[in-house]
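This report goes through one protein model for a reader who has not seen it before. Please look at the sequence and the structure first.

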Amino acid sequence: MWRNRSLLGLLTAELVSLTGSSMTFVALPFFVLITTGSTAKMGWALAAEMLPIAIFGIPAGTVIAKLGTKKTMLISDAARGPLLLIIPILHHYGDLSFAALLGTTFAIGIFAAPYFASSRLVVPEVAGEDEQAVASVNAVLSGANQLTQLAGPVLAGVLIGLFSPATVLVVDGCTYIFSFLVILTVVRAGKRVEAAAQQKGVFSGLKVLLGDSLLGPMVIAACAINFVAQGIVLGVQAIDYFRYHASGHVVGILFAGFGIGALAGAIVAQQLTQKVPLLKLAAVAIVAMPLPLFLLSPTTPWPAATIIIAAFAFFTPLVNAPVIGILTVRTPVELRPKVMTAVMTVATMAGPFGFIAAGYLLQHVSLGSFFIGLPALLALGSLAFAAVLLRQRADAAGELAVASG
């Protein structure tokens, strides 16, 4: 794996680019909250970046199929860098209205779905078509992602303390440029997908997805989970604002907790995906994932809150790595771009509304009540998701028994 030049290039580009994105993920809502004092506006700002995934996610599959994964990633990086710089430039001259902020984040979000889908679709081209190998590489990429979630928030907290949240956005814009150059010169993959009869039509990926006995129910359950889970991001920002006096230093460490836990989980996932049945692994992990969040209900010192967040995040790679591996290999090569973007669209389409709902909810309930209700709802969605996975595993075992008999 480590001798694969294209894989190393992809890994390097994601490490740098996602570090910048992790910094912005902390700095942008922090900026909105401290300047407006409104959790509702913070929710709208985060929703604006996610909403384009729901609107343009499925058509993006057609774009990826025509352009190829590499070219799609290059275009996405080339567009997001300049767009992101608009926010600090307008802020510097005192012309950054809330409408302009929402419009710019919406424009940036347009390129998020095709980039992420392409970064996962390129994996079989550099790692091979084996399901376990793809899951293993995705675990490594997930680990790299978690490293950025560790380093990014800490760096954001330092830069916010020394300069301002706008400085973080400038740094993030530069990381897109770096990612563009590395992918352009190092990654050798991402050819166009030749059109096939069953591939034609913008919604062909959605039809395949919803017609699959595993993937269809799985993404519907994931959609419900995603609606609730968005509240975690706003809840952590609110914890820093209301409990720890809006400290840039503390908010960076709290969000670094996501990276610490998920990095540990990715290391474990890289091993378990090669030894444990993928459906069973994902089912157990997703049920355990929301349980630590109940401990955020009472007020605790920020180091304890960071550990709780890390415990929650530990389970995310144990869900994502096997699910992405199953999804990728289960789908025919010629349909992967459209199916992958359809999965992202359906799974995240409720996300913007989750941000908005959580933002308004935090204005009317206490943080203690918020972190009782949110993990309870998340646990219900996780049980539904696990039931889908285990039912498919039982069906597969039954079919094998019949065939053997």
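This is a predicted model: local features need pLDDT of at least 70, side-chain atom pairs count only at pLDDT 80 or more; totals for chains, interfaces and linings use all residues.

Cys223 is buried, with a relative accessible area of 15%. The value counts as buried because it lies under 20%. Cys174, by contrast, is partly exposed, at a relative accessible area of 45%. The structure holds 0 disulfides.

The mean pLDDT of the protein chain is 83, and 87% of the residues reach at least 70. Helix α13, residues 302–314, has the highest confidence in the chain, with a mean of 96. Confidence is lowest in helix α6, residues 123–127, where the mean is 67. Over residues 396–405 the pLDDT stays under 50. For residues 396–405 the model has 0 contacts beyond four places in sequence.

On the surface there is a nonpolar patch formed by Leu51, Ile55, Phe56 and Ile110. Together these residues have about 290 Å² of accessible area. Helix α2, which spans residues 39–67, supplies the largest share of the patch, with 3 residues. Phe56 has its place in helix α2. Is Phe56 buried, exposed or partly exposed? Phe56 is partly exposed, because its relative accessible area of 35% falls between the limits of 20% and 50%.

The table lists the relative accessible areas of the residues discussed one by one.

| Residue | Relative accessible area | Class |
|---|---|---|
| Cys223 | 15% | buried |
| Phe56 | 35% | partly exposed |
| Cys174 | 45% | partly exposed |

How values were computed. Residues are numbered from 1 along each chain as its sequence is written. Side-chain values use heavy atoms; hydrogens and water are left out. Patches are made of residues with over 30% relative accessible area and no salt bridge: like charges are joined within 9 Å, nonpolar side chains (Val, Leu, Ile, Met, Phe, Trp, Tyr) within 5 Å. Accessible areas come from the Shrake-Rupley method with a 1.4 Å probe; for residues, only the protein chains shown count as cover. A salt bridge is a side-chain nitrogen of Lys or Arg within 4 Å of a carboxyl oxygen of Asp or Glu. Helices (H or I, at least four residues) and strands (E, at least two) are DSSP runs, numbered from the N terminus. Buried means under 20% relative accessible area, exposed over 50%, partly exposed in between (1.4 Å probe, protein chains only). pLDDT is the predictor's confidence in each residue, from 0 to 100. Contact means heavy atoms within 4.5 Å. A disulfide is a pair of cysteine sulfur atoms within 2.5 Å.
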